[in-house]
Amino acid sequence: MASLKNWDIFCKIVDNFGDIGVCWRLAKQLQCEHQLNIRIFIDDLHVAKQIIPTLDPTLAQQTIQNITIISWHANTTFTNATQVVIESFACELPPSYLALMRPDTIWINLEYLSAEAWVDDFHAKNSKRGHLTRHFFFPGFTANTGGLLREHEIVKTKQTLINNQAHPQDFLKNLGLPANDDLKVSLFCYPHAPITSLLTAMAESKQRISCYVPASSILPSVAKFFERGALQIGEQLTHKNLTLHVIPFLSQANYDHLLNSCDINFVRGEDSWVRAIWAGKPFIWQPYLQTEETHIQKLHAFLNLYYSASEKNTQESVLALHNAWLSEHVSSTTWQDYLNKLITLKTFCLHQSYTYAQQTDLATKLVIFSEKMIKNIVENKV
Ligand code: TRH
């Protein structure tokens, strides 16, 4: 049997940054917090560089933060398979690698996060492929799922959580952003979101708003709102009560700081969504667009679960803004109504982040799961 300490992760970047965002965080945690030897195979190093800024996309192999990063392409030669193999998001392991895997290889397919009830039943199920067993590992919000990706230290106590959020002005100042008492909003979303209507609603807010937009595919829509052809990083634009700052696409660590520094975070997909939860601040989540409106079910399952203990009128405002953000228009009334609940939401989200942090995190659950699988194999052999 090979060493349980050696794990391979396969990451195919379908689009956007979520696949690599999740895989890189997981790799770092498995290495740092569980002392595992991690190799991560990535099929698009140029996109990965956005998330791992020190990465050199020209190298076939390199080591960053004690993790071996290998460029994965059609001609990649594999010499061995590790004892535990993570296939992220059903990215399909290469046949030449599958050929090296043995019946006792722990092959885990890491699935997408969802708060839907069916996840509890599907988590940790498996299927046979030839002499191999593929396990389906579902992240989730309940004890019966694979948990949420979280560093051990991130929300150890309510005080750490509050400390993480302290000194927002310092972080913003380091980014070259002015210090002020505006309501601070970060905006990361898909380009099909009703961005113009949201910015209009922000501009018409009763209080002044500073909105921070990391450079991404939404810049053309933002430029259109300000009647500009294009926008550059570093620009600051004002309309009525809204001042919008175009900031660079940040490192993952700095993006986390941004979330901690803002009063409201607009997030999307998977990884930024989870980070918004750990930031313990009010957030609006835009799920990744899926066919047959699956993303709407995903959104409502999450809202029902996460806000179940909040007051009814807060739930209504949260739902109204999320539904509007998912549709074609965010009205000023919907936005202002959400802002009116902000004090309640701040306390609520802080509490939720602490509550969810009491559950075992995803990386730890993966380690426990793999150890259990090995034990089963050994016991069945004896
Ligand atoms: O980029 P995404 O839309 O990723 C999506 C989802 O994961 C979706 O489920 C998947 O099907 C699709 O990809 C292929 O959103 P997500 O998951 O939030 O990932 C963004 C990553 O980018 C996250 O790790 C945070 C990081 N990020 C930065 O590091 N700096 C930044 O400035 C910003 C805005 C994000």
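Predicted model: local features only at pLDDT ≥ 70, side-chain atom pairs only at ≥ 80, totals over all residues.
Residues are numbered from 1 along each chain as its sequence is written, and side-chain values use heavy atoms, with hydrogens and water left out.

Stay zoomed out for a moment. The C-alpha trace spans about 70 × 45 × 40 Å along its principal axes. Buried residues (under 20% relative accessible area, 1.4 Å probe, protein chains only) make up 55% of the 382.

Now switch to cartoon. You get 15 helices and 14 strands, taken as DSSP runs (H or I of at least four residues for helices, E of at least two for strands) and numbered from the N terminus.

**Stop one: the eight-stranded sheet**

Select β1 to β8. They form an open sheet in the order β3-β4-β2-β1-β5-β6-β8-β7, with mixed pairing; two strands pair if DSSP finds at least two bridges between them. The edges, each pairing on one side only, are β3 (61–64) and β7 (125–129). Zoom in on β7 and β8 (132–137), which pair in the antiparallel sense over five bridges. Show Ser-127 there, and you'll find Arg-134 of β8 opposite.

Angles here run from 0 to 180 degrees between N-to-C directions, with axes fitted to C-alpha atoms, for helices over the stretch in contact.

**Stop two: the six-stranded sheet**

Select β9 to β14. This open sheet is also mixed, in the order β11-β12-β10-β9-β13-β14. Its edge strands are β11 (236–239) and β14 (283–286). Neighbouring strands are turned by 15° against each other on average, direction ignored.

Pick out β10 (209–214) and β12 (242–247): they pair in the parallel sense over six bridges. Click Ile-209, whose bridge partner in β12 is Leu-242. Then bring in helix α13 (332–340), which lies across β9, β10, β13 and β14 at about 120° to β13.

**Last stop: Thr-314**

Buried or exposed, what is Thr-314? With 2% relative accessibility, Thr-314 counts as buried. Look for Thr-314 in helix α12 (312–326). Beyond its neighbours within four places in sequence, Thr-314 is in contact with Lys-341, Thr-344 and Leu-345.

Technical notes:
Contact = heavy atoms within 4.5 Å. Buried < 20%, exposed > 50% of the residue type's maximum accessible area, 1.4 Å probe, protein only.
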